[in-house]
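Thanks for coming. I will go through one model this morning, starting with the overall layout and then moving to a few local details. Please have a look at it first.

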Amino acid sequence: MAQPQASVRGEMVETTRAVVAAAEAAGVQVTPILADYGLDRATLDDPSQRLKVGRCDGLWERLVHASGDPDLGLRAVEHSPFGNFQVIDFLGANSPTVGEGIQALSRYSHMIHPNLRLSTARDG
């Protein structure tokens, strides 16, 4: 089955917003770092924004380095409330089972990041 394609290429701003929040919680002064990547709070606070993938990769690497925490991406989950990923959260929460929720996520993962592809396989 073909994967649905996002109408606008780029990464959801919500993901980067959560990583930035985790970096701030770790004591990083994020405003100048965001500026180096041509970003500001208004952009991160606008859920309709999509960010260039290359820009996000570099930004995330810099935030990890500035925080000194190689697990910063994992800590971002603590700064991503339910509903942050809109349709993705809705699909997972409204699936009858965890397995079906993960399958729904795999079908629409490209909405989070255009290069992200998840697949599921049933074992047993």
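The protein has seven helices and two strands. Keep in mind that this is a predicted model. Going along the sequence, the order of elements is β-α-α-α-β-α-α-α-α.

Some overall numbers. The protein has 124 residues, and 35% of them count as buried. The exposed surface comes to about 7600 Å², with carbon and sulfur atoms supplying 55% of it. As for contacts, take those in the protein with a separation of 6 or more: 67% of them are between residues 24 or more positions apart.

Now to the helix packing. Two packed helices are described by the angle between their axes and the distance between the axes. The pair to look at is α1, residues 13-25, and α4, residues 53-67. Their axes come within 10 Å and cross at roughly 15 degrees. The cut-off for roughly parallel is an angle under 35 degrees, so α1 is roughly parallel to α4. The crossing of the two helices is left-handed. Which residues of α1 and α4 make the contact? On α1 they are Thr 15, Thr 16, Val 19, Val 20 and Ala 23. On α4 they are Cys 56, Leu 59, Trp 60 and Leu 63. By class, this contact has seven nonpolar and two polar residues, and no charged ones.

One of those residues, Val 20, also touches Arg 41. Arg 41 lies in α3, which covers residues 41-44. Besides Val 20, and leaving aside neighbours within four places in sequence, Arg 41 is in contact with Glu 24 and Val 30. Between Arg 41 and Val 30 there are 9.9 Å from C-alpha to C-alpha, and the two are eleven residues apart in sequence.

Asp 69 sits in the loop between α4 and α5, the latter being residues 72-75. Asp 69 has a relative accessible area of 13% and is therefore buried. Not counting residues up to four places away in sequence, Asp 69 touches Val 64 and Arg 75.

Last, α7, residues 98-108. Its buried residues are Gly 101, Ala 104 and Ser 106. Among the things covering the buried residues of α7 is α6, residues 87-93.

That is what I had; we can go back to the view for discussion.

How values were computed:
Residues numbered from 1 in each chain as written. Predicted model: local features only at pLDDT ≥ 70, side-chain atom pairs only at ≥ 80, totals over all residues. Heavy atoms only, no water. Buried < 20%, exposed > 50% of the residue type's maximum accessible area, 1.4 Å probe, protein only. Helix = DSSP H or I, 4+ residues; strand = E, 2+ residues; numbered from the N terminus. Contact = heavy atoms within 4.5 Å. Areas by Shrake-Rupley, 256 points an atom, 1.4 Å probe, with all protein chains shown as cover. Axes fitted to C-alpha atoms, helices over the stretch in contact; angles between N-to-C directions. Parallel < 35°, antiparallel > 145°, perpendicular 65-115°, else oblique. Left-handed = near helix turned anticlockwise from the far one by under 90°. Nonpolar A, V, L, I, M, F, W, Y, C, P; charged D, E, K, R; others polar.
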